[in-house]
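Reader: I am new to this structure and would like to go through it with you. Could we take it piece by piece?

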Amino acid sequence: MAETQAPQIRRLVAPNPSPMTYTGTNTYLLGLRDIAVIDPGPDNDAHFAAIVSAIAPDQKITKILVTHAHLDHAPLARRLSAHCGAPIYAYGDSGAGRSAQMIALSAAGAIGGGEGVDYDFQPDITLKDGAVLDHEGQELIAIWTPGHFGNHMAFSWNGALFSGDHVMAWASTMISPPDGDLGAFRRSCAQLQQRRERLYLPGHGDAIEDGPARLHWLLAHRQERESQIISHLQGQPNTAQGLAEAIYTDIDPRLIHAATRNVLAHLIDLCERNLATCQGPIDLQAKYSVI
C-alpha cells in the first residue's frame, strides 16, 4: 500500500532489498488527479501491480520521471508508459552526462564499472538542467545532479526534493567510475546547497527531514575519505583495492567491491587535481602515489 510522505506525495517500496538497495527502491506518486511517477523501479511484476493498484479510478498517470538509468530505478518505466500512455522524462540515456574524462576512461576499458546499468533506457523526453514542468498547477523542477551517475536528476515539487541516489540517509552515495564522478558529485552537492528545500525524499530509505545538513555531512565525509587515502599513500604506493581493504575495516565483506569503486573515484579525482599520480594509465591494477 502506498504510504503518504508529504501532502500529495505517496511512496511505494519495490520488493528488491539488498546490501546496495537497502529496503528497496522508492517509487513516488505525486498529485491528486494527475499523477507523476518518479522512479518506477525494477521490472518486477508485483511492483508494477502495486503502482497500477495505487491509481484510483479518478486519477491518471500523466508523467513518468526517472532519476537515473540504474536497473533498480528505470526498467519498469517502459512497461508503465505502455500501460498508461504517459511519456518518460529524464536527463538522457545511460551514457548521457558523462565528463570528457569519464568518456575517455570508459573507452579505454581498464577501470571496469557499469554495475547495474540499464543500457536499454531511453526517455521519450529529455530534460535540461533547470527544466520546469507544470504538474497540477505547481512547478516540477528538474535539477541535473551528476555524481552517482552521469544522467542523474533530482526533482523539486511541492516543497520536497526527490534526491534519487544522490542524497540518502542510510548510506553515503555510491560513486563508481566511469558512471560515477566524484568531482561532479561535489559540484552537484554545492548546487543543491543553494536551494531552499529541506525535506529530501531519496531513492532508498526514509525521508530526510534536514536535507541541507545531510549534504554538509556527505561533503565532509568525502573530504575525510580523501584525507585517509592521502595519508595511506604517503607511506607507499597502493592500488584502489589495497587502499579499500586498509581503510574500510569494519564493513560487510560483500561491500568491499563497492568500497574499491569509491576509492577509485577518489583516486581519479586526486589525479585530475594533480594531488596524486598513477603509475601508468589509470586502471584497477595500477598503483597510485601522492605528489
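**A first walk through the model**

Author: In this predicted model, Tyr 89 has Ile 125 of strand β7 as its bridge partner.

Reader: How many bridges join β6 to β7, and are the strands parallel or antiparallel?

Author: β6 and β7 run parallel and are joined by 2 bridges.

Reader: What sheet do they belong to, and in what order do its strands come?

Author: They belong to an open sheet of 7 strands, ordered β1-β2-β3-β4-β5-β6-β7, with mixed pairing. The edge strands are β1 (3-6) and β7 (125-126), and each of these pairs on one side only.

Reader: Which strands does α1 lie across?

Author: Helix α1 lies across β2, β3 and β5, and runs at about 160° to β2. Helix α2 also packs on the sheet, where it touches β4 (34-38), β5 and β6. The direction of α2 makes about 155° with that of β5.

Reader: Let us stay with α1. Which of its residues are buried?

Author: In α1, which spans residues 45-53, His 47, Phe 48 and Ile 51 are buried. They lie on the same side of the helix, because they cover an arc of only 105° around its axis.

Reader: Why would residues a few places apart point the same way?

Author: An α-helix has 3.6 residues a turn, so residues three or four places apart point the same way.

Reader: And what do the buried residues of α1 pack against?

Author: They pack against β2 (9-13), β3 (26-30), β5 (60-65) and α2 (76-84).

Reader: Which exposed residues are on the face turned away from the buried side?

Author: That face of α1 carries the exposed residues Asp 45, Ala 46 and Ser 53.

Reader: What caps the N-terminal end of α1?

Author: Asn 44 caps that end, with a side-chain oxygen 3.0 Å from the backbone nitrogen of Ala 46.

Reader: Changing topic: what is the strand order in the sheet that runs from β8 to β12?

Author: The order is β8-β9-β10-β11-β12, in an open sheet of 5 strands with mixed pairing. β8 (132-135) and β12 (199-202) stand at the edges with a single partner strand each, so one side of each has no neighbour in the sheet. On average, neighbouring strands here are turned by 25° against each other, direction ignored.

Reader: How do β9 and β10 pair?

Author: Strand β9 (residues 138-144) pairs with strand β10 (residues 153-157) in the antiparallel sense, over 4 bridges. Ala 142, for instance, has Phe 155 in β10 as its bridge partner.

Reader: Which helix lies across β9?

Author: Helix α4 (residues 182-193) does, and it lies across β11 (160-164) and β12 too. Its direction is at about 155° to β9.

Reader: Now the aromatic rings. How many aromatic pairs are found in the whole structure?

Author: The search finds 3 aromatic pairs. In one of them, Tyr 22 and Trp 170, the ring centres are 4.6 Å apart and the planes are at 5°, so the pair is stacked.

Reader: Where in the chain are these two?

Author: Tyr 22 is in the loop between β2 and β3, and Trp 170 is in the loop between β11 and α4. The pair links distant parts of the chain, 148 residues apart.

Reader: What about Tyr 91 and Trp 144?

Author: Their rings form a stacked pair, 4.7 Å centre to centre and with 0° between the planes. Tyr 91 is in the loop between β6 (88-90) and α3 (100-108), whereas Trp 144 is in strand β9, 53 residues apart from it. Tyr 91 counts as partly exposed at 22% relative accessibility, and Trp 144 is partly exposed with 23%.

Reader: Another residue, then: where is His 166, and is it buried or exposed?

Author: His 166 has its place in the loop between β11 and α4. Its relative accessible area is 1%, so His 166 is buried.

Reader: What is it in contact with?

Author: Leaving aside neighbours within four places in sequence, the contacts of His 166 include Thr 145, Pro 146, His 152, Phe 185 and Leu 218.

Reader: Last one: which helix holds Thr 260, and what does that residue touch?

Author: Thr 260 is in helix α7 (residues 256-272). Not counting residues up to four places away in sequence, Thr 260 touches Ala 240, Gln 241 and Ala 244. Thr 260 counts as buried, at 8% relative accessibility.

How values were computed. Residues are numbered from 1 along each chain as its sequence is written. This is a predicted model: local features need pLDDT of at least 70, side-chain atom pairs count only at pLDDT 80 or more; totals for chains, interfaces and linings use all residues. Side-chain values use heavy atoms; hydrogens and water are left out. Buried means under 20% relative accessible area, exposed over 50%, partly exposed in between (1.4 Å probe, protein chains only). Contact means heavy atoms within 4.5 Å. Two strands pair if DSSP finds at least two bridges between them. Axes are lines fitted to C-alpha atoms, for helices over the stretch in contact, and angles run from 0 to 180 degrees between N-to-C directions. The arc is that of the directions from the helix axis to the C-beta atoms. A polar contact is a pair of N or O atoms within 3.5 Å; within protein, one must be able to donate a hydrogen and the other to accept it, and residues adjacent in sequence count only if both atoms are side-chain atoms. Rings of Phe, Tyr and Trp (its six-membered ring) pair if their centres lie within 6.5 Å; planes under 30 degrees apart count as stacked, over 60 as edge-to-face and the rest as tilted.
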